[in-house]
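This report describes the fold and the salt bridges of one protein. Please consult the sequence and the structure while reading.

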Amino acid sequence: MSQLPAGYAKYLEGRSNDFVETVRPVLLQSAADGLHGVRIVANEPHALQALVDDRIPFGTIVEDVD
């Protein structure tokens, strides 16, 4: 699947290219399996991690700080 669900696409609007390049592959993975949502972990100022999380319902994005 190369297209994101509307909610995921909206989440990326206005974000930097670096942010989108980091997060988009994980959003695509979530959309492809359709089972789990995504957790975005930010460790300021320059660390960013995105992962599919089986504790989060599909279509949901949770931002977290580690």
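A residue is called buried under 20% relative accessible area, exposed over 50%, and partly exposed in between, with a 1.4 Å probe and protein chains only. The model is predicted, so local features need pLDDT of at least 70 and side-chain atom pairs count only at pLDDT 80 or more, whereas totals for chains, interfaces and linings use all residues. Residues are numbered from 1 along each chain as its sequence is written, and side-chain values use heavy atoms, with hydrogens and water left out.

**Overall fold**

The protein contains two helices and three strands, where helices (H or I, at least four residues) and strands (E, at least two) are DSSP runs numbered from the N terminus. Their order from the N terminus is α-α-β-β-β. The radius of gyration is 11 Å, close to the 11 Å that the globule rule gives for 66 residues, so the protein is as compact as a globular protein of that length. This radius is taken over C-alpha atoms, and the globule rule is 2.2 Å times the number of residues to the power 0.38. The C-alpha trace spans about 30 × 25 × 15 Å along its principal axes. Of the 66 residues, 29% count as buried.

**Salt bridges**

A salt bridge is a side-chain nitrogen of Lys or Arg within 4 Å of a carboxyl oxygen of Asp or Glu. By this rule, the protein has five salt bridges.

Lysine 10 and glutamate 13 are both exposed.

Arginine 39 is buried, with a relative accessible area of 16%. Aspartate 53 is also buried, at 3%.

Aspartate 64 counts as partly exposed, at 34% relative accessibility. Together, Arg39, Asp53, Arg55 and Asp64 are linked in a network of salt bridges.
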